[in-house]
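Let's take a walk through this fold together, from the overall layout down to a couple of individual side chains.

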Amino acid sequence: FHRWARTMSEMLSAPLSYVEIILGYMIGSVLRALAVGAGVYVIAVLFTDATMANLPLFVFYVLLVSILFSLIGIFIGLWAEKMEQLSVLQTFVITPLIYVGGVFNSIDMLPENVHWLVKLNPFFYMVDGIRFSMIGYSESNLVFGAIFLSSVAVLLFALILHLFRIGWKLRP
């Protein structure tokens, strides 16, 4: 939004480092995600038999997933030239990866020759970690999943920091 409102130059001229700017956007996104998630969980507790098998692991995965989606959002915000492009990544990348990431089915229901591809999908590890923390069922190694997702988050942060440093699509 700051790019289209032409206020990004003001943000960049503030006495903040690029890391602080990115962290500010990221923390705002994470807090918004946590507020929405808490509301959904409260409704789930009121109307269903929602359980929590491992609360610390649940908090870890919810924070990690929130961080990843906030970084994806920052990247999309940098990449998009027009408002219509904001939904391109969600439509053509995120949604298909979610469908083969185990949200609606087990990976055992997929053909054997695509299991390796599913295990490269970060959304598979997001779903699997949150599923395990809530119901105690996992289809993968949780330690590997946590390391994999953390690595993706660090790489995304580094990419966004690099894009900020070179001024990619930030300055008119």
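Two housekeeping points come before anything else. This is a predicted model, in which local features need pLDDT of at least 70 and side-chain atom pairs count only at pLDDT 80 or more, while totals for chains, interfaces and linings use all residues. Residues are numbered from 1 along each chain as its sequence is written, and side-chain values use heavy atoms, with hydrogens and water left out.

Now the big picture. The protein has 7 helices and 0 strands, where helices (H or I, at least four residues) and strands (E, at least two) are DSSP runs numbered from the N terminus. Reading along the sequence gives α-α-α-α-α-α-α. Along the principal axes, the C-alpha atoms fill a box of roughly 50 × 40 × 30 Å. Of the 172 residues, 31% count as buried; buried means under 20% relative accessible area, exposed means over 50%, and partly exposed is in between, using a 1.4 Å probe and protein chains only. As for how the chain meets itself, take the contacts (heavy atoms within 4.5 Å) between residues at least 6 apart in sequence: 69% of them join residues at least 24 apart.

Let's start with H2, which covers residues 18-47. H2 has 30 residues and reaches 43 Å from its first C-alpha to its last, close to the 44 Å expected at 1.5 Å a residue. That expected span is 1.5 Å times one less than the number of residues in the helix. Ile 21, Ile 22, Met 26 and Val 30 are buried in H2, and what covers the buried residues of H2 includes H1 (8-13), H3 and H7 (142-166).

How do H2 and H3 cross? Their axes come within 9 Å and cross at roughly 125 degrees. Axes here are lines fitted to C-alpha atoms, for helices over the stretch in contact, and angles run from 0 to 180 degrees between N-to-C directions. That angle makes H2 oblique to H3; under 35 degrees would count as roughly parallel, over 145 as roughly antiparallel, 65 to 115 as roughly perpendicular, and the rest as oblique. The crossing of H2 and H3 is right-handed, a term used if the near helix is turned clockwise from the far one by less than a right angle, with anticlockwise being left-handed. On the H2 side, the contact residues include Ile 22, Tyr 25, Met 26 and Ser 29, and on the H3 side they include Val 62, Leu 63, Ser 66 and Ile 67. The residues of this contact of H2 with H3 divide into 11 nonpolar, 3 polar and no charged. In that count, Ala, Val, Leu, Ile, Met, Phe, Trp, Tyr, Cys and Pro are nonpolar, Asp, Glu, Lys and Arg are charged, and the others, Gly among them, are polar.

H2 also packs on H7, at an angle of about 125 degrees and with the axes 10 Å apart. H2 and H7 are therefore oblique to each other, and H2 passes H7 in a right-handed crossing. Here H2 contributes Tyr 18, Val 19, Ile 21, Ile 22, Leu 23 and Met 26, while H7 contributes Phe 157, Ile 160, Leu 161, Phe 164 and Arg 165. These contact residues of H2 and H7 split into 10 nonpolar, no polar and 1 charged.

On to H3 itself. Its 25 residues should span 36 Å at 1.5 Å a residue, and its end C-alpha atoms are 36 Å apart, which agrees. Buried residues of H3 include Phe 58, Tyr 61, Leu 64 and Leu 68, and what covers the buried set includes H2, H4, H6 and H7.

Zoom in on Leu 68, which is found in H3. Is Leu 68 buried or exposed? Leu 68 is buried, with a relative accessible area of 1%. Leaving aside neighbours within four places in sequence, Leu 68 is in contact with Met 126, Leu 149, Val 152, Ala 153 and Leu 156.

At 25% relative accessibility, Ser 138 counts as partly exposed. Setting aside neighbours within four places in sequence, Ser 138 is in contact with Asp 128 and Phe 132.
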